[in-house]
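The entries below follow my own reading.

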Amino acid sequence: MSCETNKNIECPCTYDCSRHGKCCECVKHHNQRGGFPGCFYSKEAEATYDRSWAKLVEDRSK
């Protein structure tokens with residue numbers, strides 16, 4: 001899989017970081033910490049900054 005940086009992508013995550021538009025780098029970063037990127041969640045759940053599996057399941061089950 002190609003994973004080039006895409007500066008044109010509009011990242012929905014509200015956390016300001018250096019990984020915006022670098023989806024593979026972002027997923028790897030969160031995976032190494034046992035979580036998921038903010039763009040995996042609804043806008044409301046993303047705002048909690050809880051990147052856990054439990055929060056993702058809770059968010060997706062609504």
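**Entry 1: a loop residue**

I began with Tyr49, which lies in the loop between helix H2 (43-46) and H3; helices here are DSSP runs of H or I with at least four residues, strands are runs of E with at least two, and both are numbered from the N terminus. The phi of Tyr49 is near 60°, a positive value in a residue other than glycine. Most residues other than glycine have a negative phi. I then looked up its cover and found that Tyr49 counts as partly exposed, at 45% relative accessibility, where buried means under 20% relative accessible area, exposed over 50% and partly exposed in between, with a 1.4 Å probe and protein chains only.

**Entry 2: what kind of model this is**

I noted that this is a predicted model, in which local features need pLDDT of at least 70 and side-chain atom pairs count only at pLDDT 80 or more, while totals for chains, interfaces and linings use all residues. Residues are numbered from 1 along each chain as its sequence is written, and side-chain values use heavy atoms, with hydrogens and water left out. The mean pLDDT of the chain, the predictor's confidence in each residue from 0 to 100, is 85, and 87% of the residues reach 70 or more.

**Entry 3: the chain as a whole**

I read the pattern α-α-α along the sequence, with three helices and zero strands. Of the 62 residues in the chain, 26% are buried.

**Entry 4: helix H1**

Which residues of H1 are buried? I found Cys26, His29 and His30 to be buried there. Seen down the axis of H1, these buried residues fall within an arc of 90°, so they line one face of the helix; the arc is that of the directions from the helix axis to the C-beta atoms. The face turned away from this buried side carries the exposed residues Lys28, Asn31 and Gln32. After H1 comes Gly34, whose phi is positive, near 75°.

**Entry 5: aromatic rings**

I counted rings of Phe, Tyr and Trp (its six-membered ring) as a pair if their centres lie within 6.5 Å, with planes under 30 degrees apart called stacked, over 60 edge-to-face and the rest tilted. By this rule there are three aromatic pairs. The rings of Phe36 and Trp53 have centres 5.8 Å apart and planes at 45°, so this pair is tilted. The pair links distant parts of the chain, since Phe36 sits in the loop between H1 and H2 and Trp53 in helix H3, 17 residues apart. Phe36 is partly exposed at 22% relative accessibility, whereas Trp53 is exposed at 55%. Together with Phe40, these two residues form one aromatic cluster.

**Entry 6: salt bridges**

How many salt bridges are there? I found three, taking a salt bridge as a side-chain nitrogen of Lys or Arg within 4 Å of a carboxyl oxygen of Asp or Glu. Arg51 and Glu46 meet at 3.3 Å, N to O, and both residues are buried. Glu58 and Lys55 meet at 3.5 Å, N to O; being three residues apart in helix H3, they are separated by about one helical turn. Lys62 and Glu58 meet at 3.9 Å, N to O, and I noted that Lys55, Glu58 and Lys62 are linked in a network of salt bridges.
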